[in-house]
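Subject: Structure handover

Hello,

Here is the structure for you to look through. My notes follow below it.

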Amino acid sequence: MTSRIDLQNTKYKTIDFKLLNSSHFEECEQIYKQYLIYKKFDTIYPIFKEDWDRNTVFGYYDNNELAAWSCYMVYPSKSTAHADQFAWNYKSPKLKLGYRSLRSECAYFRDQGFRYLILGDLYSYKQELQGFEHITLDSHLAFS
């Protein structure tokens, strides 16, 4: 089942971030490798350098060191952003960058005039987000 956030129903605020481009890809790729090992994933979704220039990539820093990143595909014609990938190095778990970054990205896209943030597969932590919705056939047809 697929999920999305109706950004009009959120009140999140952004946290400090930098928008990244392909010059940051190698650093992001290293964080991604650390993330895969930490999470013990047995399958992976590949990442590509070209995505860093054609998509919106957020970088999150801890003590001036890149600690996490999120990549979003954006579709202004549908007022929608689609979460493609997230990774962080977990050097400072107390930062809770997974939760904090997602809420910040909701605020960023809402403030940019987007209506929806598509999150993909349904996980319980996503249901805790303001504006959470299941994408059903009815909601998809109304959105088209």
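The sulfur of C71 is 9.0 Å from the closest cysteine sulfur, that of C28, which is too far for a bond. A disulfide here means a pair of cysteine sulfur atoms within 2.5 Å. By that rule the count is zero disulfides. C71 is buried at 1% relative accessibility, and C28 is buried at 0%. Buried means under 20% relative accessible area, exposed means over 50%, and partly exposed is in between (1.4 Å probe, protein chains only).

Some ground rules. This is a predicted model, so local features need pLDDT of at least 70 and side-chain atom pairs count only at pLDDT 80 or more, while totals for chains, interfaces and linings use all residues. Residues are numbered from 1 along each chain as its sequence is written, and side-chain values use heavy atoms, with hydrogens and water left out.

Aromatics

The count comes to 17 aromatic pairs. Rings of Phe, Tyr and Trp (its six-membered ring) pair if their centres lie within 6.5 Å; planes under 30 degrees apart are stacked, over 60 edge-to-face, and the rest tilted. Y32 and W69 form a tilted pair, 6.0 Å centre to centre with 50° between the planes. Y32 lies in helix α1 and W69 in strand β4 (residues 65–75), so this pair ties together parts 37 residues apart in sequence. Helices (H or I, at least four residues) and strands (E, at least two) are DSSP runs, numbered from the N terminus. Both Y32 and W69 are buried.

F58 and Y108 are edge-to-face: 5.0 Å between centres, 85° between planes. This pair also links distant parts of the chain, with F58 in strand β3 (residues 56–62) and Y108 in helix α3 (residues 97–111), 50 residues apart. F58 is buried at 0% relative accessibility. Y108 is buried at 17%. Ring pairs also build a cluster from F17, F58, Y60, Y72, Y108, F109 and F114.

Charges over rings

The charged end of R4 sits over the ring of Y116, 3.8 Å from its centre. The rule: NZ of Lys or CZ of Arg within 6 Å of the ring centre and within 35 degrees of the ring normal.

Helix α3

α3 has 15 residues. It reaches 20 Å from its first C-alpha to its last, close to the 21 Å expected at 1.5 Å a residue. The expected span is 1.5 Å times one less than the number of residues. Its buried residues are L97, S101, L102, S104, E105, C106, A107, Y108 and F109. G113 follows α3 and has a positive phi, near 95°.

Two polar residues

D6 is found in strand β1 (residues 2–6). D6 is buried, with a relative accessible area of 4%. Its side chain makes a polar contact of 2.9 Å with that of R115. Such a contact is a pair of N or O atoms within 3.5 Å; within protein, one must be able to donate a hydrogen and the other to accept it, and residues adjacent in sequence count only if both atoms are side-chain atoms. Not counting residues up to four places away in sequence, D6 touches R115, Y116, G131 and E133. Contact means heavy atoms within 4.5 Å.

S22 lies in the loop between β2 (18–20) and α1 (25–39). S22 is buried too, at 17% relative accessible area. Leaving aside neighbours within four places in sequence, S22 is in contact with K49, W52 and D53.

Best wishes
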